[in-house]
Amino acid sequence: GLPPIRAPSPGRRGARRRRNVSLVMKLLVIEDNPDIVANLFAYLEPMGYELDVARNGLGGLAQAAAGSYDAIVLDLTLPGLDGLDVARRLRKDFRRPTPILMLTARDTIADKVTGFESGADDYLVKPFSLVELEIRLKALMRRSHGLNLSSAVSYADVSFDPDTLEATRAGKPLQLTPTGYKLLSALLREAPKLVRREDLEREVWGNDPPDSDALRTHIHALRSALDKPFPVPLLKTHPGIGYRLVSPDAG
């Protein structure tokens, strides 16, 4: 497993790290464990990050909905409202696309799929490395800022407007994560052609690909939103090769 979280020792090493940060992130930490909160503050603040903290789910949801954050670090197990519900409500009720990094002790594929389906963009299992957490946060921000595309795209009865983050199928809104929007956009632009796995990974993550399960779990979450509520599926998997959108009229 990953090493436990721990704050770095202060001094010249911390000063060097701060000078290397070229883009300051404003983070919301929704976490009720005071030791984890203290470690995050001790590690990230000296590097120039700005952190707000909420100690329970309802308070975190209110802050996330009202504030402007580059990313949210969200614990899964919270008093009042758990992390899954916070993510779902933030996406569905408030339509906020802020990238979410979910923290949890649950590490099965099913748990990760549930996290992604709820609206999380990345998933870090406790105990975790603070270095890895920062790398993942930077990647989330780069991917989020790269979401702006040139124009709306559509295929069959699905459309996506990157300027408004509005995705619909048969006129009904689709609730997706920022990563889900990028996957849908890439598939729509090429539809009905096949998009290879490596091309999708490059489109979404650039040179920062996550672990090998990430694309599969994000595709699973996209399929849940895009196909499950409708009688005819559009998203087709070519095992080991890639994915494509296929119109029902294509036979």
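A cavity here is a set of grid points where a 1.4 Å probe fits but cannot get out, and its volume is the space filled by probe spheres set on those points. The model under discussion is predicted.

Q: What is the volume of the largest cavity?
A: The count of cavities of 30 Å³ or more comes to one. For the largest cavity, the computed volume is about 50 Å³.

Q: Is Phe-230 buried or exposed?
A: Phe-230 sits in the loop between α9 (214-226) and β11 (235-238), and, leaving aside neighbours within four places in sequence, Phe-230 touches Arg-169, Ala-170, Lys-172, Leu-174 and Ala-225. Because its relative accessibility is 14%, and the cut-off is under 20%, Phe-230 counts as buried.

Q: Which residues have the most contacts inside the largest nonpolar core?
A: This core has 30 residues, with at least two supplied by each of β6 (153-155), β7 (158-161), α7, α8 (197-205), α9 and β12 (242-245). Leu-245 is in contact with residues including Tyr-155, Leu-187, Leu-226 and Leu-235. The residues with the most contacts inside the core are Leu-184, Leu-200 and Leu-245.

Definitions and conventions:
Residues numbered from 1 in each chain as written. Predicted model: local features only at pLDDT ≥ 70, side-chain atom pairs only at ≥ 80, totals over all residues. Heavy atoms only, no water. 1 Å grid on protein atoms, 1.4 Å probe; cavity = no way out; pocket = protein on both sides within 12 Å on 5 of 7 lines; lining within 4 Å. Helix = DSSP H or I, 4+ residues; strand = E, 2+ residues; numbered from the N terminus. Buried < 20%, exposed > 50% of the residue type's maximum accessible area, 1.4 Å probe, protein only. Contact = heavy atoms within 4.5 Å. Core = buried A, V, L, I, M, F, W, Y, C linked by side-chain atoms within 4.5 Å.
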